[in-house]
Amino acid sequence: MPKNRENAQILVVTPTMGKRDSIKRTIDSVRKYGGEMVRHVLVCPRDKREKLAATYRMECIGEPEGAKGIYPALNYAFKKQGMGYRYITFINDDDYWLPAYTQLIREALDSDSQLVYGRICCEKDGKRVDVACSGRFCDFAVLLHRGIVLSSQQATLVRPAVFFEVGGFDEHYRLVSDTKLWAQLCVKNVTYHFVDRPCAVYTCQPGQLSEDGILQLQEHRDMLRALPSFSRWVVWRAVARFRFGNLPVYFRRWLVHHS
């Protein structure tokens with residue numbers, strides 16, 4: 001059993017450089033909505049480990065020498081500690097969980113699914129909006145061919161066995177490795193379960209690497225080359241289902257932007 005958390009069945013990892021004040025909100029949300037069901041650890045540069053551990057009173061893993069970006073750090077943390085848990089996940093140090101994450105965890109632990117996920121919201125300039133999503137994870141790889149990312153890591157739990165089976169996060173990428181991982185799991189036809197409630201929040205703020213649109217486009221195109229292709233009919237049908245199913249989300253977003 002995991003040390004100090006005898007009931008914990010989910011490992012949550014937060015990669016951090018230790019520079020963002022928002023990490024306290026991240027940690028507090030995981031503690032509040034994960035409780036004894038999760039074990040939360042930080043992975044950070046080695047010279048920040050002791051300070052972060054003392055400040056937040058939690059375990060910190062020093063990332064390997066020469067690690068560049070969050071994906072090598074996450075792979076290292078999951079390889080080091082992930083196999084003792086039913087599910088693993090990560091959340092960045094500027095994102096946070098919502099009350100429905102408790103439901104996500106409970107439904108995951110009550111199921112035999114290899115992947116469990118829920119909806120997320122995006123927070124920007126003090127406004128929170130719903131992000132379009134779908135309960136058809138089997139459409140994930142198809143929708144990527146139209147630039148649609150069906151779900152996101154902020155509210156996704158995955159079994160360690162299937163994570164390692166596909167090789168973990170591809171460290172070649174700086175932005176889209178988590179998207180590639182979900183696409184690979186989609187192609188593998190993993191069993192999945194969807195929680196149709198907003199479970200976590202992704203924050204958009206200046207200076208994020210994800211704002212690099214050119215790099216993101218380059219990596220997205222490169223990623224698609226490693227995935228199967230689909231007929232126009234299959235893609236059109238998946239996109240139509242996704243758009244129609246998210247009409248209420250689009251309407252609520254319109255209301256937020258015009259309020």
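1. Buried means under 20% relative accessible area, exposed over 50%, and partly exposed in between, with a 1.4 Å probe and protein chains only. By that scale Lys24 is partly exposed at 48%, and Asp28 is partly exposed at 34%.

2. The model is predicted: local features need pLDDT of at least 70, side-chain atom pairs count only at pLDDT 80 or more, and totals for chains, interfaces and linings use all residues. Residues are numbered from 1 along each chain as its sequence is written, and side-chain values use heavy atoms, with hydrogens and water left out.

3. The search of the whole structure returns 13 salt bridges, each defined as a side-chain nitrogen of Lys or Arg within 4 Å of a carboxyl oxygen of Asp or Glu. One of them joins Lys24 to Asp28, with the closest N and O atoms 2.8 Å apart. Both residues sit in helix α1 (residues 23–34), four residues apart, or about one turn of the helix. Helices (H or I, at least four residues) and strands (E, at least two) are DSSP runs, numbered from the N terminus.

4. Glu123 pairs with Arg25 in a salt bridge whose closest N and O atoms are 3.5 Å apart. This pair links distant parts of the chain, 98 residues apart: Glu123 is in strand β6 (residues 115–124) and Arg25 in helix α1. Glu123 is buried at 18% relative accessible area, while Arg25 is partly exposed at 33%.

5. Asp130 and Arg252 form a salt bridge, with 2.7 Å between the closest N and O atoms. Here too distant parts of the chain are linked: Asp130 lies in strand β7 (residues 127–130) and Arg252 in helix α10 (residues 247–257), 122 residues apart. Arg252 is partly exposed, at 39% relative accessibility.

6. A network of salt bridges links Arg20, Asp93 and Asp94.
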